[in-house]
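Student: Could you show me how burial is read in a model, going through one feature at a time?
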Amino acid sequence: MADFGKSFHSRSRTSASISRRSTRYVNISSKSWALEKKWGKSNVIIVPLGKRRVPANMLSGITHAHSTYSFDGSLALSDLQCFLTDSRVDFCLMSEHVESLDYETIKRMLTDYAALPTTGCLMIPGIEIDDLHILIYGVTAIRPYMGIEDLAAQMFQDGALVFVSHPVKVKGTVPAVILPWLTGVEIWNTRYDGRGAPRPWNLKLWAELQREHGPLQPLAGVDFHKPSDLSHVRVEVDCGKDPGAILKSIAAGNYSLSSSGKKLDPQRLVGAPSFATFVFDLAVAINRKLNKLPFRIPRSLKRAVKKCV
Ligand SMILES: [Zn+2]
Ligand SMILES: [Zn+2]
């Protein structure tokens with residue numbers, strides 16, 4: 001496993017390491033077709049390979065993703081990398097569920113990450129601890145640990161970045177133990193908050209935590225479990241395609257968030273209501289009710305409700 005802890009502190013900007021993608025694009029690539037065949041029609045996803053919207057020297061990535069190292073991820077690590085490469089994602093901050101991992105599995109997982117091809121989407125290992133409401137991005141090494149708090153503290157000391165995950169699941173406030181570790185807050189999780197806009201509650205928690213903690217970076221995550229979870233939110237950085245450089249840029253706030261290619265300014269949204277979130281929550285509630293009915297609802301109707309989401 002390459003130790004990117006060092007480069008994390010010395011930002012490398014060698015132009016050779018910057019990904020250069022052709023601006024030519026197709027609707028769906030051969031690898032995606034292969035994935036499609038493998039998982040059958042129900043998992044077909046037409047990858048929206050629109051024109052690349054960020055300048056060639058900028059990297060466009062996603063955060064919060066799970067492979068089959070997590071109990072609920074649907075793509076094995078290398079398939080996920082292929083899928084994201086095909087979807088023109090330059091880097092991915094991964095967040096494997098700690099519930100599916102132990103010391104030996106994390107060791108094996110880090111070896112597997114290090115063995116991935118260096119071309120295509122750069123897969124940066126990390127974990128998610130739901131009990132502490134945190135995402136830990138940029139895990140480089142593992143030592144024996146006593147419990148999840150000890151594990152998180154260890155990773156923080158090794159230079160990983162800690163973010164509050166899907167704040168909608170945080171009742172009240174975050175556990176005090178995570179406060180000294182925090183780099184930021186996932187102000188938008190498109191799986192839990194819908195694809196329309198960040199959830200006002202997340203922005204409120206972000207603002208509150210900043211009052212007691214000082215500046216915290218806002219991140220938007222896709223919470224990828226399956227191909228259809230890949231939403232339009234991206235994190236864009238202007239640095240070398242190297243885990244340390246990417247993490248350093250994010251920690252320093254040298255990045256921007258975008259939604260369908262449009263720049264997002266979370267600060268401007270604090271305190272504002274969100275109609276998109278209201279519609280999303282309503283659609284989720286209706287969907288839940290439909291699922292509880294004693295008779296079967298036509299798939300087309302369910303799909304129509306989901307479309308609102
Ligand atoms: Zn989670
Ligand atoms: Zn997750």
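Tutor: Begin with helix α3, whose buried residues are L77, L80, Q81, C82, F83, L84, T85 and D86; a residue is buried if 20 or more other C-beta atoms, placed from the backbone, lie within 10 Å of its own, exposed if 12 or fewer, and partly exposed in between. Helices (H or I, at least four residues) and strands (E, at least two) are DSSP runs numbered from the N terminus. This is a predicted model, in which local features need pLDDT of at least 70, side-chain atom pairs count only at pLDDT 80 or more, and totals for chains, interfaces and linings use all residues. Residues are numbered from 1 along each chain as its sequence is written, with chains lettered from A and ligands numbered from 1 in the order in which they are written.

Student: Which residues touch the most other members of the largest nonpolar core?

Tutor: A nonpolar core is a set of buried Ala, Val, Leu, Ile, Met, Phe, Trp, Tyr and Cys residues joined through C-beta atoms within 7 Å. Here the largest has 66 residues, and C92, I124, I134, I136, Y137, F163 and I246 touch the most other members; helix α3 (residues 77-86) gives the largest share, five residues.

Student: Is D72 buried or exposed?

Tutor: D72, in the loop between β1 (59-63) and α3, is exposed because 11 other C-beta atoms lie within 10 Å. Not counting residues up to four places away in sequence, D72 touches H66, H97 and H225, contact being C-beta atoms, placed from the backbone, within 7 Å.

Definitions and conventions:
Contact = placed C-beta atoms within 7 Å.
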